[in-house]
Amino acid sequence: MKECNALVKDNRQVAQDTCLMTLACEFSPFTPGQFLMLRLTGTCEPFLRRPLAVLSYREGAVELLYKVIGRGTSLLAGTKKGEELSVLGPLGKGFSDPRPEEEAVYIAGGTGLPPILAMAERTGRGRLIIGARTKDDIPLWQRMQNIGDVEVTTTTEDGSLGIRGVATQALGDVLKTIQQPCMIYACGPAGMLKQAARLAQDFGARCEVSIEERMACGFGVCSACVVRTTTGNQRVCTQGPVFDASCIEWGQ
Amino acid sequence: MDITTRLAPGLCLKNPVLSASGTFAYGEEFSRMFDLSLLGGVVTKGISLHSKEGNPTPRVCETSCGMLNAIGLENIGVDAFIAQKLPFLGTFDTEVVVNFFGTDEDEYVHMAQKLDIEGVSAIEMNVSCPNIKKGGIEFGKDPQILNRLVAQVRKSTTKPLIVKLSPMVTHIGEMALAAQEGGADALTCSNTFPAMAIDENTWKPMLGNITGGLSGPAVKPIALRIVWEVSRQAAIPVIASGGVTSWRDAVQFLLAGASAVEIGSFSLRDPLCFGGIIQGLIRYMQDNGLESITEIIGKLRTP
């Protein structure tokens, strides 16, 4: 992990309230699921950095796909090519690779797309399930159609694209069609992760989830972003954000 | 140039910059980013007799120029701390200040006894905790209770004893004197400020614990006033804690009467800030022809 100032090479809207930013910085090696903590330079406001999962890292350029939700991400969305951001990273523990005999199944909902897409692009194989509220919420549609041998299924709640419904329904349907052992990768709302974990159990699949929790530091000192696991509280930022789904105490 | 600062008999820091409790964990993560030996001292996360799980999430929330936290004093407990964390801190050339708290007087005393060991440079008492046996009033809110607690802890340890005062009192000077008379060697001013934040969309509090402690630049002017007030009344050294983000802030706290400064929330945002603040302080002294840090401490020019 290191701290550096990184030049914004590109920053543009790619879907409703969703931006894709490219930063010039050296962050090798990188594992999908890992994230960066970003802040504006030359100002104390906003006070805390924002954690963003890395979409890709290649030849000194980091891609970040992020949803514009509050004040911090709005300010990030407003940064222009040539401006600098302060970056801390790469942080956290990423996804593990699928075993050669395993079929990889990726499922993303809400703000969970970046690490999932990163993983699909890394392996270049498997089934990718994207869940969104509506068609306009889905970024990088063309790019997702062209990832090696990855087969994409889309669900929208309003039926404007792909299957009408939620991503976990599609996950159940996909799992039914697969004969070989499966490795599920999930990132999204807590309810979706819990359901993915349950389906993994039902189908005897392995499952890794990337957990989202509000953070302050991102490097393990403040103990803000804890998640309950079978071995007690774990810090999402350093012991995660990727966890084996069977270790998480999902609660109600 | 002399930037050493004396906090107690047997406790002299090589420079006046320390980490603050709760934002530095037990030093391991920061040690991977910079050499902890550059610090005047490390103040550990608050330790209790038994491990503590802490509060439900969300535990933090950003606010204007600062943040709220309600971590709930999650920690591994004193025995695990001594076995697993203290030896590592001992490998650095810096003072190790162990922050601790209890739920009743006996627990504070027991903690002080357990921490009266090699490797601990000083202990910092958090008195902003509810006294379980006295109906939940904070130890730090009643001068008599505070005085008695400090006196009991004083008798139980040979270590320099620092009392971290609660800012939520009517007369902070009175609390400072109560701690001083109880035998405190130094005072940390002060702790976070009880506060809250609400999400107007969900109608819910932003923290799992509903309320939390406010810290960061937002509280600095209040902390500055507290340091000034306490250092005028108490005879013992004061350690400032509250919104330090730069060497300028550090100088201001020294002028107000602090002998050292702790850096807390800002190091969550900028983990490498410590070196720059120490260097800035040295440059400030050079630029102003100052030979010793004591030429700044408490030298506020008032009309």
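Student: Which elements of chain B make a right-handed β-α-β unit?

Tutor: This is a predicted model. In it, the unit is built from strand 7 of chain B, helix 3 (residues 105–114) of chain B and strand 8 of chain B, and it is right-handed.

Student: How do strand 7 and strand 8 of chain B run, and how many bridges join them?

Tutor: Strands of a sheet pair through backbone hydrogen bonds, either parallel or antiparallel. Here strand 7 of chain B and strand 8 (residues 122–126) of chain B run parallel, with 4 bridges between them.

Student: In which sense do strand 4 and strand 7 of chain B pair?

Tutor: Strand 4 (residues 41–43) of chain B pairs with strand 7 of chain B in the parallel sense, over 3 bridges. Gly41(B) is the residue opposite Glu95(B) of strand 7.

Student: Is strand 7 of chain B enclosed or open, and why?

Tutor: Count neighbours: a residue is called buried if 20 or more other C-beta atoms lie within 10 Å of its own. For strand 7 (residues 95–100) of chain B, 6 of the 6 residues are buried, so the rest of the structure largely encloses this strand.

Student: Which residues of strand 7 of chain B lie on one side, and which on the other?

Tutor: One side carries Glu95(B), Val97(B) and Asn99(B), while the other carries Val96(B), Val98(B) and Phe100(B). All of these are buried, and both faces of the strand are therefore covered.

Student: Turning to the open sheet of chain B, what is the order of its strands?

Tutor: The order is 5-6-14-11, and these 4 strands pair in the antiparallel sense. Strand 5 (60–63) and strand 11 (193–196) of chain B are at the edges; each has a single partner strand, so one side of each lacks a neighbour in the sheet. From one strand to the next, the twist averages 40°.

Student: Where can I check the pairing of strand 11 with strand 14 of chain B?

Tutor: Strand 11 of chain B and strand 14 (residues 211–215) of chain B are antiparallel over 4 bridges. One place to look is Ala195(B), whose bridge partner in strand 14 of chain B is Gly212(B).

Student: How many helices and strands does chain B have?

Tutor: Chain B has 9 helices and 16 strands. Its radius of gyration is 18 Å, close to the 19 Å that the globule rule gives for 303 residues, so chain B is as compact as a globular protein of that length. The C-alpha trace of chain B spans about 50 × 50 × 45 Å along its principal axes. Of the 303 residues of chain B, 54% count as buried.

Student: And how many helices and strands are there in chain A?

Tutor: Chain A contains 5 helices and 15 strands. With a radius of gyration of 17 Å, close to the 18 Å from the globule rule for 252 residues, chain A is as compact as a globular protein of that length. Its C-alpha atoms fill a box of roughly 55 × 40 × 35 Å, taken along the principal axes. Buried residues make up 48% of the 252 in chain A.

Student: How many residues of chain A are in contact with chain B?

Tutor: The contact involves 20 residues of chain A and 25 residues of chain B. On the chain A side, the residues divide into 11 nonpolar, 3 polar and 6 charged.

Technical notes. Residues numbered from 1 in each chain as written. Chains lettered and ligands numbered in written order. Predicted model: local features only at pLDDT ≥ 70, side-chain atom pairs only at ≥ 80, totals over all residues. Contact = placed C-beta atoms within 7 Å. Nonpolar A, V, L, I, M, F, W, Y, C, P; charged D, E, K, R; others polar. Buried ≥ 20, exposed ≤ 12 C-beta atoms within 10 Å, placed from the backbone. Helix = DSSP H or I, 4+ residues; strand = E, 2+ residues; numbered from the N terminus. Pairing = 2+ DSSP bridges. Right-handed = clockwise from strand over helix to strand, strands pointing away. Rg over C-alpha atoms; globule rule 2.2 N^0.38 Å. Axes fitted to C-alpha atoms, helices over the stretch in contact; angles between N-to-C directions.
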